[in-house]
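Keep the structure in view while reading.

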Amino acid sequence: MNAQPLRIGITGLNGRVGRLLAQEVPAAGAVLAGGTTRDGRPVEGIDCPVHADIATLAAQCDVVIDFTHVSTVVAHAQALAAAGTAWVLGTTGLSAADQQAVDLAATRIAVVQAANFSPGVTLVTRLARQMAAVLPGSEYDAEILEMHHRQKVDAPSGTALAMGRAVAQGRGIRLEDHIESGRDGHTGPRADGAIGFAALRGGQIVGEHSVIFTSSHEQISLTHRSFDRRVYATGAVRAAHWLRGHEVGLYDMEDVLGLPRD
């Protein structure tokens with residue numbers, strides 16, 4: 001067992017989740033080894049080295065927690081793989097090329113990638129996959145409803161899309177071939193086997209997600225509500241600790257929670 005405290009770095013240290021991570025890392029018995037900001041300037045109230053360069057941060061850490069913009073994913077994948085530094089990745093909205101860079105990094109370092117680090121969301125997503133496997137799309141329409149704060153810039157959310165992929169996986173189909181999002185105007189009848197999405201925005205709601213299966217005779221809903229962004233920070237720090245001692249590869253929150261593969 002490694003007796004040395006885990007050294008964790010945080011990208012986007014001055015962001016909302018970054019600031020929470022800076023509190024949760026020492027609370028979990030790890031060392032806040034440093035962080036990045038766009039200009040490399042220190043963040044008021046956070047006592048750690050701050051850099052503008054991910055490679056400099058990677059060299060000082062055992063693991064980096066990353067919730068920054070999708071435009072940074074490729075550069076971060078390359079820098080962390082080169083440094084041999086483990087990676088907890090919560091950035092969403094990745095393109096195929098971005099995901100390829102993550103997959104390549106995972107051949108050299110251990111990576112936990114998740115659209116959401118909440119244990120509750122992880123379980124709801126898993127249940128959605130299991131339910132979709134036994135509730136055929138020909139009989140049960142699948143709809144995913146999400147609501148977030150008014151500042152959120154992407155829709156559907158990364159978590160909603162992850163839930164949609166889980167439904168598609170349970171049914172043995174590709175989400176991209178069955179997604180219906182942003183219905184407006186005269187859309188015609190709902191397509192058989194479609195996986196629908198609706199996105200609501202307002203106030204300062206942290207995050208609400210529902211997966212709804214509806215047939216002609218019944219409806220089943222799985223709902224998760226986040227009250228505090230801290231749940232994402234604690235989950236990410238938990239994932240960082242879990243990575244210690246694990247081999248090179250790509251993992252997710254089901255692995256971190258120790259859930260058996262179905």
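The text below covers the sheet first, then the annotated residues.

This is a predicted model: local features need pLDDT of at least 70, side-chain atom pairs count only at pLDDT 80 or more, and totals for chains, interfaces and linings use all residues. Residues are numbered from 1 along each chain as its sequence is written, and side-chain values use heavy atoms, leaving out hydrogens and water.

Five strands form an open sheet in the order 8-9-7-10-11, with mixed pairing. Strands are DSSP runs (E, at least two residues), numbered from the N terminus, as are helices (H or I, at least four). Two strands pair if DSSP finds at least two bridges between them. Strand 8 (179-181) and strand 11 (219-226) are the edges, each pairing on one side only. Strand 7 (residues 141-148) and strand 10 (residues 207-214) run antiparallel and share seven bridges. Met 147 has Glu 208 in strand 10 as its bridge partner.

UniProt, in an unreviewed entry, lists His 148 and Lys 152 for "active site"; such annotations may be inferred rather than shown by experiment.

| Residue | Place | Relative accessible area |

Contact means heavy atoms within 4.5 Å. Leaving aside neighbours within four places in sequence, Lys 152 contacts Ser 157 and Arg 201. Not counting residues up to four places away, His 148 touches residues including Ser 157, Arg 201 and His 209.
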